[in-house]
Amino acid sequence: MADQNPLVVMRSGPIPGSSYFLEKDEVLLGRDLANDIPVPDAEISRRHARFLRRADGYYIEDLGSTNGTFLNGSRLTSPHLLRHGDLITLAENTVMSFEMPAAAARVAPQPSQTVYEPGLYQVPTPASQPAAAAQTFQPAPSVKPTAAPKPKKKMGWFATFLLILLIVMIVIGLVLLFMPASWWCLISFNSLTGCPIY
């Protein structure tokens, strides 16, 4: 039965609150929708990791993913036995918790959560929760800090100098273009042809 199988709950990531029963000997998870647990996140590999059922329990194994699989903060390099309350991190932002019904006195998911059933993608869970359910560790969902807006760059002193120089050159050019001929003679000390000699 599904209520005897371990449960994986996504605490943070693309679908926070979703939960999946591990009912097969091998449960694949990754970005590809063909996986048993699809995780639609660009940082997750197509086939990122897998859960393996063995005689002594469920193991988590990284499948050579680009951004890694972490168990309680340590990067996985080989299959590792899971215990109730273990936190599994895929890449950086997706955190899942591993829960054993016997160890947790079978905590039912909240009405807003979803449960993985074989043959179905995700099915809503019942809204009832046992009164004697034990509290489980639920880390706060990770929130990406938003970058403060960058202030507009002020025009540097060199750019200001160039702008002033350009304006001065344009004014000088216009004055030289439209000044009377007598001024040309004055500037050249009457050395131009056509200037009167005093």
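Residues are classed here as buried under 20% relative accessible area, exposed over 50% and partly exposed in between, with a 1.4 Å probe and protein chains only. Ser12, at 3% relative accessibility, falls in the buried class. The structure is a predicted model, in which local features need pLDDT of at least 70 and side-chain atom pairs count only at pLDDT 80 or more, while totals for chains, interfaces and linings use all residues. Residues are numbered from 1 along each chain as its sequence is written, and side-chain values use heavy atoms, with hydrogens and water left out.

The protein chain contains 3 helices and 13 strands. These are DSSP runs numbered from the N terminus: helices (H or I) have at least four residues and strands (E) at least two. The chain has 198 residues, and 36% of them count as buried. Contact means heavy atoms within 4.5 Å. Among contacts between residues at least 6 apart in sequence, 41% join residues at least 24 apart.

The largest nonpolar core has 21 residues. Such a core is a set of buried Ala, Val, Leu, Ile, Met, Phe, Trp, Tyr and Cys residues joined through side-chain atoms within 4.5 Å. Leu22, Ile37, Phe51, Ile60, Ile88 and Met96 have the most contacts inside this core. Two or more residues come from each of E1, strand E3 (26-30), strand E5 (49-54), strand E6 (57-62), E10 and E11. In soluble globular proteins, nonpolar side chains tend to be buried together.

Met96 illustrates the contacts made by one of these residues. Leaving aside neighbours within four places in sequence, Met96 touches Val8, Val9, Met10, Arg11, Ile37, Val39, Asp86, Leu87, Ile88 and Leu90. Leu90 itself lies in strand E10 and is buried, at a relative accessible area of 1%. With neighbours within four places in sequence again set aside, Leu90 is in contact with Leu29, Val39, Ile44, His48, Gly68, Thr69 and Met96. Leu90 and Phe70 are 20 residues apart in sequence, yet their C-alpha atoms are 6.5 Å apart.

Polar contacts were also examined. A polar contact is a pair of N or O atoms within 3.5 Å; within protein, one must be able to donate a hydrogen and the other to accept it, and residues adjacent in sequence count only if both atoms are side-chain atoms. Ser12 belongs to strand E1 (residues 7-12). Its side chain reaches the backbone oxygen of Asn93 at 3.3 Å. Asp36 sits in the loop between E3 and strand E4 (37-38). This aspartate is buried, with a relative accessible area of 13%. The side chain of Asp36 makes a polar contact with the side chain of Lys24 at 2.6 Å. A polar atom of the Asp36 side chain also lies 2.8 Å from the backbone nitrogen of Leu28.

Two loop residues stand out by backbone geometry. Most residues other than glycine have a negative phi. Asn72 has a positive phi, near 50 degrees, and is placed in the loop between strand E7 (69-71) and strand E8 (74-75). Asn72 is partly exposed, at 46% relative accessible area. Ala91 also has a positive phi, of about 60 degrees. This alanine is found in the loop between strand E10 (87-90) and strand E11 (94-99). Ala91 is buried, at 5%.

Glu43 contacts that loop. Glu43 is found in the loop between E4 and E5 and is partly exposed, at 26% relative accessible area. Beyond neighbours within four places in sequence, its contacts are His48, Asn67, Ala91, Glu92 and Asn93. Glu43 and Asn93 are 50 residues apart along the chain, with 8.5 Å between their C-alpha atoms.

A search of the whole structure gives 1 aromatic pair. Trp157 and Phe158 form this pair, edge-to-face, at 5.9 Å centre to centre and 80 degrees between the planes. Rings of Phe, Tyr and Trp (its six-membered ring) pair if their centres lie within 6.5 Å; planes under 30 degrees apart count as stacked, over 60 as edge-to-face and the rest as tilted. Trp157 is exposed, at 69% relative accessible area, and Phe158 is partly exposed, at 48%. Arg54 lies over the face of Tyr59, at 4.7 Å from the ring centre. The criterion is NZ of Lys or CZ of Arg within 6 Å of the ring centre and within 35 degrees of the ring normal.
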